[in-house]
Amino acid sequence: MRKTLAILAFLPLTAALPATAEAAPALKWTSPCPDYGMTPSPTEGLECAKLEVPLDYADPGGRKIELTVSRKASTSPKRRGVLLMNPGGPGSPGLAMPAQLAQRQGNSGLLESYDVIGFDPRGTTYSTPVTCDLTEDERFILTGPYADGPDDVVEKAAKSRVVARKCAEAKTADLLPHMTTANTARDMDRIREALGERKISYYGVSYGSYLGASYASMFPAKTDRIVLDSLLGPDGLGVRAHQRFADGFDDRFGDFAAWAAARDDVYHLGRTPADVKAKFLELAGKRPGIRTDTWGALYDDANFPGLAAQWAASPASVKGGPLDGDNHAALQLQVLCNDTDWPESVRYYQKAVERARVTHPMFGPAAANITPCAFWPVERRERPVRITDRGPSNILLVQNLRDPATPLSGARELRSALGGRAKFVTVDAGGHGVFTKENACGNDFVVRYLRDGVLPAGDSHCPAHLPK
């Protein structure tokens with residue numbers, strides 16, 4: 001059974017914090033970059049540097065932690081600045097993003113326009129990593145399982161208490177309270193200082209959209225061109241956004257059902273989308289993990305053949321990849337649970353599950369189930385960042401209509417919160433992520449803005465991509 005981490009892959013600002021004790025030092029670039037233990041190296045062709053930042057920005061002269069930053073430098077006279085990138089998560093490492101951009105958009109002019117910058121956010125992989133010492137099963141505790149009734153919520157609550165306690169007792173527990181979106185945004189501004197830049201441009205997807213909106217709210221005068229892709233709502237990934245995974249599942253499932261029905265001669269899952277849905281419900285009664293596996297596969301059309309084959313057979317368990325270990329899961333938990341207040345009553349989640357059974361029966365009781373955030377061992381240290389329309393009008397929002405992880409309902413809330421600061425482009429597509437995917441119209445909006453500074457005159461829409 002394929003297991004899936006919730007990607008989102010969440011935000012506080014802040015009473016004013018003390019001024020920093022000193023400016024960030026200049027970066028010293030070396031190569032090769034760390035390779036995440038993968039062959040071929042996903043960071044090939046990049047150079048990397050280390051940067052010390054405060055663990056606690058309320059005590060800027062105190063303990064430091066280390067960030068690892070990557071760069072693909074422009075050699076063009078057309079260079080206009082730096083483009084900082086984030087892949088989401090939280091917990092997802094980002095050193096490889098400049099190389100990925102080069103592979104996917106190497107002829108777009110972006111590599112000439114910018115030094116493209118990636119980084120492993122605080123707590124991640126090569127940036128002073130955190131741990132919760134979780135077992136393999138515990139690493140996938142955030143989303144699911146599908147709760148058939150109140151007793152299932154109680155059962156998961158017991159497991160969630162254990163996970164929360166493990167995070168509190170882990171060897172990096174002293175770092176735990178400082179793993180927040182607001183502090184990651186402050187780290188981004190330290191990277192900007194170390195690069196010697198007055199402003200930064202930014203591209204962030206999924207949770208990276210929330211991180212970018214936070215940076216733009218905390219440091220509006222330091223922003224150049226900002227692109228946010230696959231949008232969380234302005235409250236980040238709290239309990240409401242977690243429950244919205246059910247909206248995303250319902251929005252997106254029809255794409256897979258139509259795809260599978262058109263290939264019934266291959267997979268035998270049903271001749272019509274209604275037949276495929278009936279097959280899903282049949283399998284869900286026999287294989288408890290099929291709901292979460294299906295939700296994860298809905299992120300990308302490229303996953304459809306594997307998902308259909310999984311439905312048609314009973315495959316052996318598929319383990320996570322090299323970046324799906326304890327560190328990823330631990331940081332994801334720490335940022336989600338630190339950023340916002342989660343309800344602490346088990347009864348709240350039991351009621352939420354019962355509502356979801358009526359409103360979103362396919363996936364709702366999995367998205368509404370309790371998480372370790374209900375038993376989190378530390379209190380939030382600052383108020384959530386408030387995302388508003390105050391600041392320059394320099395933000396482009398791009399969003400698929402049928403996104404299983406960051407559904408359109410949350411995206412519309414972020415668009416409303418940003419007001420005149422943003423232009424909003426919807427794309428008639430399914431899956432998670434607009435930029436570098438198949439819809440040429442969506443890609444063009446992003447490239448034209450980052451490269452040429454061209455924002456649409458008003459909110460816009462891209463029609464469905466027609467295969468050649």
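**Entry 1: the model and its disulfides**

I am working with a predicted model. I began with the cysteines and found that the structure holds four disulfides. As a reminder to myself, a disulfide is a covalent bond between the sulfur atoms of two cysteines. I then looked up how the bonded cysteines pair when counted along the chain, and the pattern is 1-2, 3-4, 5-6, 7-8.

**Entry 2: Cys33 and Cys48**

I looked at the link between Cys33 and Cys48, where the S to S distance is 2.0 Å. The angle about the S-S bond is 110 degrees, and this link is right-handed. Cys33 sits in the segment before β1 (47–54) and Cys48 in strand β1, so the bond ties together parts that are 15 residues apart in sequence. Next I checked accessibility. Cys33 has a relative accessible area of 8% and is buried. Cys48 comes out at 5%, so I noted Cys48 as buried.

**Entry 3: Cys132 and Cys167**

Here I found the sulfur atoms of Cys132 and Cys167 at 2.1 Å from each other, forming a disulfide. This link is right-handed, with 105 degrees about the S-S bond. Cys132 belongs to the loop between β4 (114–120) and α3 (150–169), while Cys167 belongs to helix α3; the pair links distant parts of the chain, 35 residues apart. Buried or exposed, I wondered, are Cys132 and Cys167? Both are buried.

**Entry 4: Cys441 and Cys462**

I moved on to Cys441 and Cys462, which form a disulfide with their sulfur atoms 2.0 Å apart. The torsion about their S-S bond is about -70 degrees, so I recorded this disulfide as left-handed. What does this bond tie together? Cys441 lies in helix α16 (residues 440–452) and Cys462 in strand β9 (residues 460–462), so the bond connects parts that are 21 residues apart in sequence. I also checked the accessibility of each partner. Cys441 is partly exposed, at 24% relative accessible area, whereas Cys462 is buried at 0%.

**Entry 5: helix α16**

At the start of α16, I found a side-chain oxygen of Asn439 within 3.1 Å of the backbone nitrogen of Cys441. I listed the buried residues of α16, and among them are Gly442, Phe445, Val446, Tyr449 and Leu450. After α16 comes Gly453, and I noted that its phi is positive, near 75 degrees.

**Entry 6: a UniProt domain record**

I looked up residues 361–462 in UniProt, where an unreviewed entry lists them as "domain: Peptidase S33 tripeptidyl aminopeptidase-like C-terminal". In the model, this stretch is 27% helix and 20% strand. I also took the distance between its end C-alpha atoms, which is 30 Å.

**Entry 7: Asp189**

Last, I looked at Asp189, which is found in helix α4 (residues 181–195). Its relative accessibility is 7%, so I put Asp189 down as buried. Which side chain does the side chain of Asp189 join in a polar contact of 2.8 Å? The partner is Arg192. Leaving aside residues up to four places away in sequence, I found that Asp189 touches Tyr215, Phe219 and Lys222.

How values were computed. Residues are numbered from 1 along each chain as its sequence is written. This is a predicted model: local features need pLDDT of at least 70, side-chain atom pairs count only at pLDDT 80 or more; totals for chains, interfaces and linings use all residues. Side-chain values use heavy atoms; hydrogens and water are left out. A disulfide is a pair of cysteine sulfur atoms within 2.5 Å. Helices (H or I, at least four residues) and strands (E, at least two) are DSSP runs, numbered from the N terminus. Buried means under 20% relative accessible area, exposed over 50%, partly exposed in between (1.4 Å probe, protein chains only). A polar contact is a pair of N or O atoms within 3.5 Å; within protein, one must be able to donate a hydrogen and the other to accept it, and residues adjacent in sequence count only if both atoms are side-chain atoms. Contact means heavy atoms within 4.5 Å. UniProt positions are given in the numbering used here, feature names are shortened, and annotations may be inferred rather than shown by experiment.
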